[in-house]
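The following note sets out comments on the model shown below, arranged as numbered points. Please read each point alongside the coordinates.

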Amino acid sequence: MADTGLASYYFHQGTNFHAYEYLGVSSRDVDGEYEYTFRVWAPNARLVGLVSDFSGWNEPVPLARITEKGVWELVYRSSASLEGQPYKYRIVSDSGTHDKGDPYARFSRGKDDGASLIYTESRFEFTDGTWLAHRKNTVAYKDGIFLSAPLNIYEVHLGSFLRHDDNSYYSYREMAEILPIYLKVMGYTHVEFLPLAEYPYDGSWGYQVCAFYAPTSRFGTPDDLKYLINTLHNAGIGVIIDWVPAHFPKDEWGLYEFDGAPLYEYQGVDRQESRSWGTRFFDLGREEIQSFLISNALYFFREFHVDGLRVDAVASMLYLDYDRDPGEWVPNSDGGNENREAIAFLQKLNTAVFAEYPDVLMIAEESTAFGKITAPVYDGGLGFNLKWNMGWANDFYDYVATDPVYRKYSHKALNFPLMYAFSENYCMPISHDEVVHGKKSFIDKMFGSYEDKFRMARASLMLMMTYPSKKLLFMGTEYGQFREWDYESSLEWFMLDYPNHRYLRDYTAALNSFYLSRSELWDMDFDSRGFSWIFPDEADKNLVAFRRINREGESVIVVISFSGSEERIILPTEKAIELDVLFDTGNLPDSGKKIKVSKERDGYFADIRIPPFSGMIMAENSGTRKIKL
């Protein structure tokens, strides 16, 4: 926005969705000199000054207040480029003097220092036009069905996916030489990065952000991150990043009481702070905060070509009583616990994103039964296009941890998810949150012996990959790391030297490849016509059998057993001479097994014996599309 008058007007109205072009630092050449314009919003400040390496840290250069609602500005000229130079704002208010990082800084030193770095001369040019055309063609409605395409996400924490021998990080550019190849070989369509905006505390995994516009300097520069994303795109891999618009930490240099008083956070103590996280909640009803956050989301779509945002902690925004005891929160005007300002903000966010980028993903991490998360805003929904199915994950983990003798009493973990599977557009996650803090790694959640754990893990992955939903798997799960995830060290890749772990990795890759090749497994994920039960209630046998169906009416049969003993079922089929086993948890590559079908008086049936902790995917169409490994 060239007109700064309009830019400031829209900023204060909550509709400047290019706010990072108005606030922060911009530069231009004037008469052979470098001219830098600094702008910051600090309505409660009495004085605002610039302190830096280039102007001195002891004597701040004053900014002038240019709007009644608190935008301050400084135009600073230099004979030399200041690119990469650190700076802060020294803010004087009634509560004292504080040095703050720039909320709109494109780069930051992060950690305890938090100095912002001038970054106005990005020279990176994307070459991902082919990918963007593919995205436009796939993330869309076809024949009234949304996302009629496979979506298989690999969730990655960049700081611990792989480290050097001295435990130092791999950079964005180093990771660009490794990660795209691995993802492609493993059969993933997308990678989802835990938050990459600058955060001080490593133990927050990136979820306590201080500089929302600055990709973390742990792994390189903003252009280095663009290089990684561009490389992933050119390998045919989409990029989703975790985005944290709910809250921020109380580090001195961050957004916390930015101008000496609550500004980015809520004013009232009934909404202001999270007891569990020790962070401040954004004031989502304040117009300038809406401009800040919506611009930030669009910044990553525009400037970094990301393909989706996984929006963290949506439930904490939606509920006034989130993480609060009775008496600690104030009901809304109807006496309810819904945060109407947050609801309106999320609707505004998704409307703005999809107006500019109708082919991106907005994914809600929302853990309650709040309705219409993925319904359009015009239909009263929040407007996301995907939601994590965290209820399925929690119930299923309890199920696989149970002795098979007693699993029949928990059979709802297998069939209940289909009672609500089509009420939202779901993604089934096996995520980072469930493999830390004593919850055990995914494979170690499985009941039984060492060998049984691997058998059950393979059956569990088959269940996830064949139930209606999109898919997400956290790094390390694919090969069965037993140790819980540790953000301070690399994944235990040496485990692949052991046969069971290597086999599980190969199995996961083969299962992913099979999933990608069979439209029955993803064509109609959000349409009840894409799923049909055969045996939903075989609790005594600890198994389920069902069909997945595509828009052409082609189907596959899936049978998965979590029983500790061999089970026999008489499976009803259509008019088929035999069933072709397309994929089997116990065979890589598949043996090409065929199962005879007999005609009885009341139909056609196959007599099937299923080994313990195993599954099969079969076709009644003579097996013309078998997996190739």
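1. Basis of the analysis. This is a predicted model, in which local features need pLDDT of at least 70, side-chain atom pairs count only at pLDDT 80 or more, and totals for chains, interfaces and linings use all residues. Residues are numbered from 1 along each chain as its sequence is written, and side-chain values use heavy atoms, with hydrogens and water left out.

2. Aromatic pairs. The whole structure contains 59 aromatic pairs. Rings of Phe, Tyr and Trp (its six-membered ring) pair if their centres lie within 6.5 Å; planes under 30 degrees apart count as stacked, over 60 as edge-to-face and the rest as tilted. Tyrosine 299 and phenylalanine 300 are edge-to-face, because their ring centres are 5.2 Å apart and their planes stand at 75°. Tyrosine 299 is buried at 2% relative accessible area, and phenylalanine 300 is buried at 5%; buried means under 20% relative accessible area, exposed over 50%, and partly exposed in between (1.4 Å probe, protein chains only). Tyrosine 420 and tyrosine 426 also form an edge-to-face pair, with 5.6 Å between centres and 75° between planes. Both tyrosine 420 and tyrosine 426 are buried.

3. Charges over rings. A charge sits over a ring if NZ of Lys or CZ of Arg is within 6 Å of the ring centre and within 35 degrees of the ring normal. Lysine 226 lies over the face of phenylalanine 304, at 5.3 Å from the ring centre. Arginine 310 is placed over the face of tryptophan 388, at 4.2 Å from the ring centre.

4. Strand β20. Helices (H or I, at least four residues) and strands (E, at least two) are DSSP runs, numbered from the N terminus. In a regular strand, side chains alternate between the two faces of the sheet. Strand β20 (residues 308-311) is covered on both faces, with Gly308 and Arg310 buried on one side and Leu309 and Val311 buried on the other. Two strands pair if DSSP finds at least two bridges between them. Strand β17 (residues 238-243) pairs with β20 in the parallel sense over 4 bridges, and strand β21 (residues 361-364) is joined to β20, also parallel, by 4 bridges. Leucine 309 is the bridge partner of isoleucine 241, and its partner in β21 is methionine 362.

5. Salt bridges. The whole structure holds 46 salt bridges, each a side-chain nitrogen of Lys or Arg within 4 Å of a carboxyl oxygen of Asp or Glu. Arginine 173 and aspartate 224 form one, with the closest N and O atoms 2.5 Å apart. Arginine 173 lies in helix α5 (residues 172-176) and aspartate 224 in helix α7 (residues 222-234), so the pair ties together parts 51 residues apart in sequence. Arginine 173 is partly exposed at 35% relative accessible area, whereas aspartate 224 is buried at 15%.

6. Further salt bridges. Lysine 387 and glutamate 366 form a salt bridge with closest N and O atoms 3.1 Å apart. This pair links distant parts of the chain, 21 residues apart: lysine 387 is in strand β22 (residues 386-388) and glutamate 366 in the loop between β21 and β22. Lysine 387 is buried at 4% relative accessibility, and glutamate 366 is buried at 1%. A network of salt bridges links Lys250, Glu257, Glu265, Glu273 and Arg280.
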